[in-house]
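Subject: Structure handover

Hello,

Here is the structure I promised to pass on. Please open it next to this message and read the two together.

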Amino acid sequence: MWDYTDKVMDHFKNPRNVGAIPDADGTGQVGSLVCGDALKLTIKVNKDTEVIEDAKFETFGCASAIASSSILTEMIKGKTLEEASKITNQDIADALGSLPSEKMHCSVMGMEALEAAVKSYRQGGKPVVFEQEEEKIVCHCFNVSEEAIIKAIRTNHLTTVEDVTHFTKAGGACGRCKGEIQKILDKVNGACELPSRPAEKTFAQMTLVEKIKKLEHVLEEDIRPKLNMDGGSAELVDLDGSTVKIRLTGMCHGCAGAAGTLKNFIEKTLKEKVDASLSVEQA
């Protein structure tokens with residue numbers, strides 16, 4: 001029996017937004033019944049603001065597939081297409097409180113369906129199937145391409161063939177592709193020679209504008225999406241040396257747990273993603 005979180009079980013037993021939107025503005029499909037998992041995601045988009053007003057899903061799969069699809073629809077409603085496009089499979093798993101490593105491919109499937117749905121909207125609404133036909137197929141059992149494996153490795157910092165199988169299903173059947181998967185891992189993670197890249201600037205070496213952009217990027221990518229899930233948000237007000245001044249908004253403003261949110265979540269995230277010297281204060 002898999003060790004599912006309460007949130008996974010809730011979305012499995014009480015899935016949100018099940019079905020298909022009539023005359024959907026975007027339709028994304030991924031997987032196939034032959035491979036054991038399939039997902040269809042439909043979205044309704046405000047043409048003026050490009051805000052996703054509604055999202056529904058139909059899936060064939062396990063509890064993790066249903067839960068991942070269900071919470072994804074909740075995550076993208078109210079977001080612009082640009083904001084939704086930044087959601088990763090790890091964001092989906094985090095929103096569920098985690099997934100068993102063997103089931104991470106379900107969150108990847110949700111990310112791919114969303115990518116296909118956004119592409120469908122951009123192309124006038126014609127359904128888009130997440131395809132890998134033009135790419136080199138590494139795992140023929142599950143039709144997983146080299147590009148999909150490379151993307152999973154880079155996005156999720158995978159280091160073993162087993163990790164790759166958990167996130168993409170590649171190598172999970174006959175296993176004949178495991179040698180090829182290991183070669184891809186070696187190449188992506190640097191065991192083979194790769195072109196050298198210029199060293200990135202440290203936070204201290206950045207200009208003030210660069211520092212602000214870096215902080216805003218982490219706020220947009222790692223902090224606001226999680227606060228938004230509870231109806232809150234955060235704004236960057238000022239940067240004074242290593243002190244970041246943040247204003248909590250929405251449901252976070254005036255919340256009894258505001259101090260904990262600032263220190264235990266926002267400050268901790270900025271220390272990990274930007275620079276360990278940073279501290280956060282309420283603006």
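Below are some notes on its strands, helices and cysteines.

First, the ground rules. This is a predicted model, where local features need pLDDT of at least 70 and side-chain atom pairs count only at pLDDT 80 or more, while totals for chains, interfaces and linings use all residues. Residues are numbered from 1 along each chain as its sequence is written, and side-chain values use heavy atoms, with hydrogens and water left out.

Two strands pair if DSSP finds at least two bridges between them. Contact means heavy atoms within 4.5 Å. Buried means under 20% relative accessible area, exposed over 50%, and partly exposed in between (1.4 Å probe, protein chains only).

Start with strand β2, residues 37-45. Seven of its nine residues are buried. Strand β3 (residues 52-60) runs antiparallel to β2, and eight bridges join the two. Thr42 has Lys56 of β3 as its bridge partner. The two strands form a hairpin, with six residues between them. In that turn, Glu50 has a positive phi of about 60°.

Gly28

Gly28 sits in strand β1, residues 26-32. Its relative accessibility is 0%, so Gly28 counts as buried. Beyond four places in sequence, Gly28 touches Leu39, Lys40, Leu41, Ala113, Ala116, Ala117 and Val128. Ala276 is another matter. Gly28 and Ala276 are 248 residues apart along the chain, and 40 Å separates their C-alpha atoms.

Helices α1 and α2

Next, look at how α1 (residues 6-13) meets α2. Axes are lines fitted to C-alpha atoms, for helices over the stretch in contact, and angles run from 0 to 180 degrees between N-to-C directions. The axes of α1 and α2 come within 8 Å and cross at roughly 85°. As for the classes, angles under 35 degrees count as roughly parallel, over 145 as roughly antiparallel, 65 to 115 as roughly perpendicular and the rest as oblique. From α1, Lys7, Val8, His11 and Phe12 meet Ala63, Ile66, Ala67, Ser70, Ile71 and Glu74 of α2.

Helix α2 spans residues 63-76 and also holds Ser68. Ser68 is buried, at 0% relative accessible area. Setting aside neighbours within four places in sequence, Ser68 is in contact with Ile92, Leu96, Leu99, Cys106 and Ser107.

Helices α6 and α8

Helices α6 (residues 146-156) and α8 (residues 178-188) also cross. Their axes come within 10 Å, at an angle of roughly 50°. That makes α6 oblique to α8. On the α6 side, the contact is made by Glu146, Ile149, Ile150, Ile153 and Arg154. Helix α8 brings Ile181, Ile184, Leu185 and Val188.

The three-stranded sheet

Strands β7, β8 and β9 form an open sheet in the order β7-β8-β9, with mixed pairing. β7 (232-240) and β9 (279-282) stand at the edges with a single partner strand each, so one side of each has no neighbour in the sheet. Neighbouring strands here are turned by 35° against each other on average, direction ignored. Strand β8 (residues 243-250) runs parallel to β9, and four bridges join them. Val244 has Val280 of β9 as its bridge partner. Helix α9 (residues 208-228) lies across β7 and β8, running at about 160° to β7.

Cysteines

How many disulfides does the search of the whole structure find? It finds zero. The test is a pair of cysteine sulfur atoms within 2.5 Å. Cys62 is in no disulfide, and its nearest cysteine sulfur, that of Cys106, is 3.7 Å away. Cys255 is in no disulfide either, with the sulfur of Cys252 the nearest at 6.6 Å.

Cys255 lies in the loop between β8 and α10 (258-273). Its relative accessibility is 40%, so Cys255 counts as partly exposed. Cys255 and Gly232 are 23 residues apart in sequence, and 9.7 Å apart from C-alpha to C-alpha.

Best wishes
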